[in-house]
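Me: Hi! Could you walk me through the charged pairs in this protein?
Reply: Happy to, let's look at it together.

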Amino acid sequence: MSHPNYNSNTFVNDISVLTMSSSFSLNDYVRPIALAASQASEWMTTGTSLRVCGWGNTSTTTNDFPDTLKCVEVPYVTNSDCNAPTSYDGGILSGMFCAGLTQGGKDACQGDSGGPVIKDFETGVADAVLVGATSWGYGCAQPNYPGVYSDVAMFRGWIDTQM
């Protein structure tokens, strides 16, 4: 179920909940993950380490889609920094957050949309928390344009009503 107030022009409310008719078999490769607790506004701090995963393009100049899941670790970027005139210039709206390097070089890309953004992954699977879903960005891994993600914590109330 896609969020009923999704706006394809601004990407606000870019989140969906997928329900399955059967359960998954848990094993070394398939495990549950906790969802971030509900938050009303920006809640992560500058530099928080996040892991973004997906099967999207791994090249900024050609199409190079991997056969295996790829992950990259990037720092959280505050909404005020991401909304600066030299970056997204006000395009980061409520329910969105940014993560990436100012100099570029690490990012999600085309084909990664909807993929997970995980916090506290360093301490082990049991402590990991799903904090975001890959949403959009200008290009891939470009300087001053970190990846933009939907904030699971800010949508937690809606998510809970879908499950």
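**Salt bridges, one by one**

Reply: One thing before we start: this is a predicted model.

Me: Okay! How many salt bridges are found in the whole structure?
Reply: A search of the whole structure turns up four.

Me: Why can side chains pair like that?
Reply: Opposite charges on side chains can pair when the charged atoms come close.

Me: Which residue does R51 pair with?
Reply: R51 pairs with E73, and their closest N and O atoms are 2.8 Å apart. R51 sits in strand β2 (residues 49-54) and E73 in strand β3 (residues 70-77), so this bridge ties together parts that are 22 residues apart in sequence.

Me: How accessible are D160 and R156?
Reply: D160 is partly exposed at 37%, and R156 is partly exposed at 21%.

Me: What about K119, buried or exposed?
Reply: K119 counts as buried, because its relative accessibility is 18% and the cut-off for buried is under 20%. K119 forms a salt bridge with D120, the closest N and O atoms lying 3.2 Å apart. D120 itself is partly exposed, at 28%.

Terms used: Residues numbered from 1 in each chain as written. Predicted model: local features only at pLDDT ≥ 70, side-chain atom pairs only at ≥ 80, totals over all residues. Heavy atoms only, no water. Salt bridge = Lys/Arg side-chain N within 4 Å of Asp/Glu carboxyl O. Helix = DSSP H or I, 4+ residues; strand = E, 2+ residues; numbered from the N terminus. Buried < 20%, exposed > 50% of the residue type's maximum accessible area, 1.4 Å probe, protein only.
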